[in-house]
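Please examine the sequence and the model shown here before reading on. The paragraphs that follow begin with one residue and then lead through the chain as a whole and some of its parts.

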Amino acid sequence: MLAQIGSASVSGVESHAVSVEVNISVGLSSFVVVGLPQGAVREGRERVMAALANARHPVPQRRITVNLAPADVPKEGSAFDLPIALGVLVSMGVLPQGRVGGACLVGELGLGGRLRPIRGGLPIAAGCRDRGVERLVLPEANAREAAVVDGVEVLGASSLTAVLEFLLGQGTLDATKIDPARVLDGHSTGHLDLVEVRGQQFAKRALEVAAAGGHNLLLVGPPGSGKTMLARRLPGILPSLTLEEAIEVTKVHSVAGLVPPGGALVYKRPFRAPHHTVSDAGLVGGGSIPRPGEVSLAHHGVFFLDELPEYRRAALEALRQPMEDGVVGHSRARATLKYPARFMLAAAVNPCPCGLNGSDGDRCGCLPSAVGRYRGRISGPLLDRIDPHVTVPAVPFEDMSDWQPAEASRLVRARVSEASDRQRQCSKRCGSVRANGHMGPRGIRRWCALDDAGSRILRRAVTRLALSARAHDRVLKVPRTIADLDGASSLRADHVGEAIQYRRLDRPWAC
């Protein structure tokens, strides 16, 4: 008897329908899965047979063929265990075919028949809504995550037996419903606070400007000056995630398997800080079975690289495309996958290998050739894509001994949120772009026009610092953000002058 069960797979952060066809026929005892199954899918037949046996429905000693259609698309993951098991039960005559029509079923089976969480619950639910599927049955650990999507009845189940009893009308599965907006409103940011950072007023101002416009940021200073401390407090001054952004972030984390069981939404701005030994695939994603990398996990958040020159050159150069496009593409022989990667880069670097170059007392013992090689590890094209370059000097004793509280992150975040709202409200400037740092050439020409005084300042800066055309355009975005923080509609010379201060490392870093 032939059985057909509706299911789904995930490619990138999108879901695609998969029809699980099961046929039991006369022949030598076998259990074959076809339709380009990858390792976890092929291994699923052992889990299915054990789960059915422990649910008192042993698999008959006959020829069982499972086809995952469409057959020319690779299938990966353990989410096909549940539909394969139900397909076998339909073919055995235990479950009528009509009971499973119009639903999507996904889930990994334990040997005892328990349903274990899967990756991609939220993208699968979104795909069901887009395809007009009204009911989704999946492990209860993924139910709240999937229930974020409107228009789909989400049923969480604990075991194969519970699903079978529900389909036979002998039991019930409660529909999971949540209010995503309430989930976001019910959590505070929970990030580290700028009030703990003493001194470094210039660097704090640069952080505020970078956060308001979504600009990439480079912090340069000796060890112990507070570069990492500042960067780790950057998410706390960013505007709170919108519901749309939270869903996008949760999709990526769901595909990566990072949404905790019973979790619904990622409600905080991500902060990712990979070690400098990270591989190219770990940084931007990929591999034989593509997975989202660190840059995608930092989508709508902060991507922090400490000791930037210590990262491998190839890994750093791989960042250039996602920094420009906000997306990472992975081309394979059978498919091309895309992961979102609209992150804010914050990088920290020492001025030389020992970190003391240019410090008070001139204690640096590095040879000029060693300093040049160290700085040369960061390419000019990568630096062009970083807007503020900020010096973070050693903290003087007076600031370290000053116990007066500094400005709290919530106050800075309020100013940043107001500037961000101005950018969002101006639909002609932003369009699909959510921050000044992401504006294209058309937006720059329209919204970053300078008066005569500002043009003269920028002309001198371009000439003296030998800025490239890309750096010139990116410099223009920073005064636009400074104007938004000031509530000004047009750019003034002082906005341009402040922005130029954040590019003063271009000349010494041009190696």
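Does Gln 200 count as buried or exposed, and what is its relative accessibility? The model is a predicted one, and in it Gln 200 has a place in the loop between helix H6 (180-185) and helix H7 (201-213). The limit for a buried residue is a relative accessible area under 20%. Gln 200 has a relative accessibility of 12% and therefore counts as buried. Its backbone also deserves attention: the phi angle of Gln 200 is near 55°, which is a positive value in a residue other than glycine.

Leu 36 may be set beside this residue. Its phi is likewise near 55°, a positive value in a residue that is not glycine. Leu 36 belongs to the loop between E3 and helix H1 (39-54). With a relative accessibility of 27%, Leu 36 counts as partly exposed, whereas Gln 200 counts as buried.

The chain as a whole can now be considered. The protein chain contains 22 helices and 16 strands. Of its 511 residues, 52% count as buried. Its C-alpha atoms fill a box of roughly 85 × 45 × 45 Å, taken along the principal axes. Among the contacts with a separation of 6 or more, 73% are between residues 24 or more positions apart. Thr 463 is part of helix H20 (residues 452-465), and because its relative accessibility is 62%, Thr 463 counts as exposed.

The next part to locate is a sheet. Strands of a sheet pair through backbone hydrogen bonds, in either a parallel or an antiparallel manner. Here, four strands form an open sheet in the order E1-E2-E4-E3, with mixed pairing. Strand E1 (2-11) and strand E3 (30-34) are the edge strands, each pairing on one side only. On average, neighbouring strands of this sheet are turned by 20° against each other, direction ignored. E3 and strand E4 (residues 63-69) run parallel and are joined by five bridges; Ser 30 has Arg 63 in E4 as its bridge partner.

Two helices lie across strands of this group. Helix H2 (residues 81-92) lies across E1, strand E2 (14-25), E3 and E4, at about 35° to E2. Helix H3 (residues 121-131) lies across E1 and E2, and runs at about 85° to E2. In the loop between E4 and H2 is Pro 70. A cis peptide bond, with omega about 5°, joins Ala 69 to Pro 70.

Helix H5 (residues 160-167) shows how a helix may be mostly covered: six of its eight residues are buried. Among them are Leu 160, Val 163 and Phe 166. After H5 comes Gly 169, with a positive phi near 80°.

The last step concerns a pair of helices. Two packed helices are described by the angle between their axes and the distance between the axes. The axes of helix H21 (residues 469-486) and helix H22 (residues 493-501) come within 8 Å and cross at roughly 125°. H21 and H22 are therefore oblique to each other, and H21 passes H22 in a right-handed crossing. The residues making the contact include Val 475, Val 478 and Ile 482 of H21, and Val 496, Ala 499 and Ile 500 of H22. By type, the residues of this contact divide into eight nonpolar, one polar and two charged.

Definitions and conventions:
Residues numbered from 1 in each chain as written. Predicted model: local features only at pLDDT ≥ 70, side-chain atom pairs only at ≥ 80, totals over all residues. Heavy atoms only, no water. Buried < 20%, exposed > 50% of the residue type's maximum accessible area, 1.4 Å probe, protein only. Axes fitted to C-alpha atoms, helices over the stretch in contact; angles between N-to-C directions. Parallel < 35°, antiparallel > 145°, perpendicular 65-115°, else oblique. Left-handed = near helix turned anticlockwise from the far one by under 90°. Contact = heavy atoms within 4.5 Å. Nonpolar A, V, L, I, M, F, W, Y, C, P; charged D, E, K, R; others polar. Pairing = 2+ DSSP bridges.
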